[in-house]
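Here are a few exercises to work through with the model open beside you. Try each task before reading its solution.

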Amino acid sequence: MTPAEATPTAEYTPAGPAPDATAATAATATATDATTATDAVTNAATDTIAPAPGATPPRTPLVARAAAELVGTALLVAVVVGSGIQATELTEDVGLQLLANSTATVLGLGILILLLGPVSGAHFNPVVTLAEWWTARRGGAGVTPREVAVYLPAQIAGGIGGAILADAMFGQPLVKWSTHDRSAGHLLLGEVVATAGLILLIFGLARTHRLQYAPVAVASYIGAAYWFTSSTSFANPAVTIGRAFTDTFAGIAPGSVAGFIGMQLVGGAVGLALVALVFMPGRSAE
């Protein structure tokens, strides 16, 4: 036997990873692909959920958000004032007039929130913007002081522009101060109730992670508040200012504006207090 024949032959090992390692690698790759697919679905679902009042999208440029607030508030006031004018031209029954006015407002507001919520949060209301700023100031999500300084003028300008637009569409004087006095105490109380309920609803939905229902919920609440509050639920300083510029069904006398806005701010504070009380965070058991 030659030395070569006496040397033990080494066991043959095929090139590449062992069968067990290959299986493990394939399993890992499959799991990674599944995780990636899940993340993609989650991200897509998240992107399709439109923010609502109380949840301002952080990535939208501020100029676009300001434009959305201006346009949204203008269209909202145009719906309110325009439907009021139309109703008074179609019937002398005040009940039917209010029904037509409230129905148009519900439909218009719901569509505007659905359309512009992904852009600006669809506040259309200085009380909502201030309430969100206060929430952010105390550690929650919300707008910054700079954003508040941009949102509020846009909303007020939109409210005035919407009233003028509605008057123009119906051949009314473009600017005619309203003579509809709304300074009675019971009307002011109605504004506190209407605004407090609105803030409770919006920020309650935010606390319970159900803002996707805001278009329907907010519009439905405003429609109901038209009927259960004595003031027909202005609940919005920008809308209140705009409606002073039209002497039609939906107008408010300039002398009544300050009282309404003051009570709306009080209602906003009451609404935030109710949110803190009703949606108080639970404590873990010790």
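This is a predicted model: local features need pLDDT of at least 70, side-chain atom pairs count only at pLDDT 80 or more; totals for chains, interfaces and linings use all residues.

Residues are numbered from 1 along each chain as its sequence is written, and side-chain values use heavy atoms, with hydrogens and water left out.

**Exercise 1.** Find where pLDDT stays under 50.

*Solution.* Start with the term: pLDDT is the predictor's confidence in each residue, from 0 to 100. The protein chain has a mean of 85, with 77% of its residues at 70 or more. Next, look at residues 1-32, where pLDDT stays under 50 and the model has two contacts (heavy atoms within 4.5 Å) beyond four places in sequence. Residues 34-50 also stay under 50.

**Exercise 2.** Classify the ring pair of W177 and F245.

*Solution.* A pair of aromatic rings is described by the distance of the centres and the angle of the planes. Rings of Phe, Tyr and Trp (its six-membered ring) pair if their centres lie within 6.5 Å; planes under 30 degrees apart count as stacked, over 60 as edge-to-face and the rest as tilted. The centres of W177 and F245 are 4.6 Å apart and the planes are at 55°, so this pair is tilted. Now locate the partners: W177 is in the loop between helix 6 (145-169) and helix 7 (185-207), while F245 is in the loop between helix 9 (237-243) and helix 10 (254-278). Helices are DSSP runs of H or I, at least four residues, numbered from the N terminus.

**Exercise 3.** Is S256 buried or exposed, and what does it touch?

*Solution.* Buried means under 20% relative accessible area, exposed over 50%, partly exposed in between (1.4 Å probe, protein chains only). S256 has 1%, so this residue is buried. S256 belongs to helix 10. Setting aside neighbours within four places in sequence, its contacts are H180, D181, R182 and S183. Finally, a polar atom of the S256 side chain lies 2.9 Å from the backbone nitrogen of R182.

How values were computed. Helices (H or I, at least four residues) and strands (E, at least two) are DSSP runs, numbered from the N terminus. A polar contact is a pair of N or O atoms within 3.5 Å; within protein, one must be able to donate a hydrogen and the other to accept it, and residues adjacent in sequence count only if both atoms are side-chain atoms.
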